[in-house]
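User: Hey, I'm new to this one. Can you walk me through a few parts of it?
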Amino acid sequence: MATSGYNTPDSQLESIVPVHPTSARRPHAITVQSENVSFTDDHITSKFINRGSKVNVVDGQYIVTPVAQEIEFQTQRKVSKTGLMMIGIGGNNGSTLCATILANRHQITWHTKEGLQTPNYIGSLLRASTFSLGADANGQDIHVPVSDLLPMVHPNDLVLGGWDISGVPMDKAMSRSKVLDYDLQRQVAPHMALLGKPLPSIYYPDFIAANQEARADNLLPGEDKQAHLDQIRADIRKFKKDNELDRVIVFWTANTERYADIIPGVNDTADNLLNAIKNSHSEVSPSTVFAVAAILENEPFINGAPQNTFVPGAIELSEREKSFIGGDDLKSGQTKLKSVLAEFLVNAGIKPLSIASYNHLGNNDGQNLSAERQFKSKEISKSSVVDDMVNANRLLFKAPAPGEKGKGEHPGHIVVIKYVPAVGDSKRAIDEYYSEIFCGGRSVINIFNECEDSLLATPLILDLSILAELLTRVQYRKEGEKDFSPLYSVLSLLSYMLKAPLVKPGTEVINSLNRQRNALEAFLKACIGLEGSSDLLLETRLW
């Protein structure tokens with residue numbers, strides 16, 4: 001139940017409105033009856049056959065060999081008591097996430113001109129979306145919330161904290177962001193005030209726009225990057241101890257940085273990167289220092305911005321430490337739609353010739369991106385979103401010539417972002433898809449999208465954090481192996497929420513939204529002994 005919205009609740013006794021389904025708590029109620037899975041109080045252990053095909057092309061002939069590998073998954077059922085430490089906690093995304101979690105936790109409702117609003121987690125893949133388990137006796141699909149497939153952290157239970165270069169207390173940071181309705185802000189402010197002010201953060205002016213300097217009043221002193229690394233590690237340990245946590249997710253939701261140069265001997269290996277931090281090398285960014293701190297503390301780190309935080313040395317370090325990392329850049333609106341529409345066009349046999357994307361917004365993210373070097377990071381993360389769709393159809397797009405570097409034939413793709421203070425957090429996005437159709441014809445699709453940027457981004461932060469915690473509890477072993485091992489360090493299963501997904505070095509980046517979602521569904525189902533969903537519906541096509 002939730003409150004009337006006219007007062008700040010002290011307990012659920014004041015509640016009068018039902019809890020929204022996306023915020024409701026449910027026990028784990030799925031049991032699979034199969035010889036391939038066992039459920040104990042501690043673990044869910046399942047056998048999964050990973051099926052695929054190897055293709056050998058010889059003189060224009062395709063020789064296909066089906067392959068299968070048995071893998072056993074073991075998932076710890078006990079959910080970790082989890083903290084979420086955000087870098088940039090006082091920004092639009094960070095303050096909005098804290099306020100909305102607190103609104104859900106304390107069941108605060110509020111009034112707008114549309115009427116009474118109930119706190120919820122709409123926009124979250126885990127809390128507000130479903131997967132099909134199968135069909136009932138009448139052939140009707142049975143869908144369950146994604147968060148019900150396996151035991152997962154409830155967002156309300158996340159312990160909140162983090163760093164910011166601005167020392168404004170969290171209730172004032174929420175007000176400054178101008179994202180949430182006033183009546184909600186009014187009621188949640190006392191709870192936000194209890195979070196206090198953010199921890200001092202790292203500020204290297206060369207990496208973010210000069211227009212951010214006015215906010216930078218809450219900084220770790222000096223220029224010694226090793227000292228900064230040590231302090232961030234100490235902050236993580238203290239937060240974990242003070243709150244009696246099992247796990248801390250460290251999440252970059254601060255300003256977009258410029259790209260860091262990849263320099264041999266500086267950030268190309270784990271040892272070189274650690275030495276570069278020790279020597280306070282100028283090309284080590286704040287986000288990379290935070291990532292290294294989390295890796296060395298064996299806590300997952302997720303990069304929600306587009307810069308190249310994970311330089312080769314950071315990836316190697318995560319592999320060496322068996323720590324988890326994920327990124328890059330939250331995929332909330334325009335890019336998510338682009339990954340769907342571009343795939344639709346190419347799969348329909350239509351050839352996109354150009355994609356022109358324009359945005360304007362007025363929040364602090366837009367102000368930071370008005371600087372050229374920071375915009376370049378965003379442009380790079382947005383520009384690769386159609387690559388795998390193009391590569392999958394060489395009937396429409398010519399492949400690069402043998403020995404030629406580059407992508408081959410590719411749609412023209414331009415991205416523009418402008419800072420317009422008046423519109424605040426309400427981002428406008430305009431896209432034009434100009435395509436070739438049958439026998440020289442042309443097609444133009446124009447899309448106008450207006451959205452509240454932080455209200456789309458915040459659920460993604462929750463999904464990424466909750467999935468990261470879950471994946472720390474999943475282990476696997478291949479056929480013939482004795483012991484279970486943790487998953488690979490780069491959590492590419494998080495790709496659905498990210499513009500420029502980080503993947504295992506040397507493997508293909510998948511940007512197709514459908515393939516990303518299908519991969520996550522297949523993995524979660526594999527952990528409870530189920531096959532991925534089949535749309536073949538063979539039983540409906542036979543006598």
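User: At what angle do the axes of helix α5 and helix α6 cross?
Analyst: Keep in mind that this is a predicted model. In it, the axes of α5 (residues 225-242) and α6 (residues 270-278) cross at roughly 105 degrees and come within 6 Å.

User: Which residues in α5 and α6 meet?
Analyst: From α5 you have K225, Q226 and L229, and they meet L274, I277 and K278 of α6. By type, that contact divides into three nonpolar residues, two charged and one polar.

User: OK, on to α8. Which of its residues are buried?
Analyst: In α8 (residues 312-321), the buried ones are G313, A314, I315, L317 and S318.

User: And what do the buried residues of α8 pack against?
Analyst: They pack against α6 again, plus α7 (286-296) and β13 (325-326). Just after α8 comes K322, with a positive phi of about 55 degrees.

User: Switching topic: what volume does the largest pocket have?
Analyst: About 1300 Å³. Its lining has 26 residues, and the closest to the pocket's centre are N50, S492, L493, A519 and F523.

User: Which elements give two or more residues to that lining?
Analyst: Those are β2 (43-58), β3 (61-76), β18 (474-478) and α14 (513-526). The largest share, five residues, comes from α14.

User: How do the lining residues divide into nonpolar, polar and charged?
Analyst: The lining of the largest pocket has 16 nonpolar residues, six polar and four charged.

Note on methods. Residues numbered from 1 in each chain as written. Predicted model: local features only at pLDDT ≥ 70, side-chain atom pairs only at ≥ 80, totals over all residues. Heavy atoms only, no water. 1 Å grid on protein atoms, 1.4 Å probe; cavity = no way out; pocket = protein on both sides within 12 Å on 5 of 7 lines; lining within 4 Å. Points joined across faces, edges and corners; volume = space filled by probe spheres on them. Helix = DSSP H or I, 4+ residues; strand = E, 2+ residues; numbered from the N terminus. Nonpolar A, V, L, I, M, F, W, Y, C, P; charged D, E, K, R; others polar. Axes fitted to C-alpha atoms, helices over the stretch in contact; angles between N-to-C directions. Contact = heavy atoms within 4.5 Å. Buried < 20%, exposed > 50% of the residue type's maximum accessible area, 1.4 Å probe, protein only.
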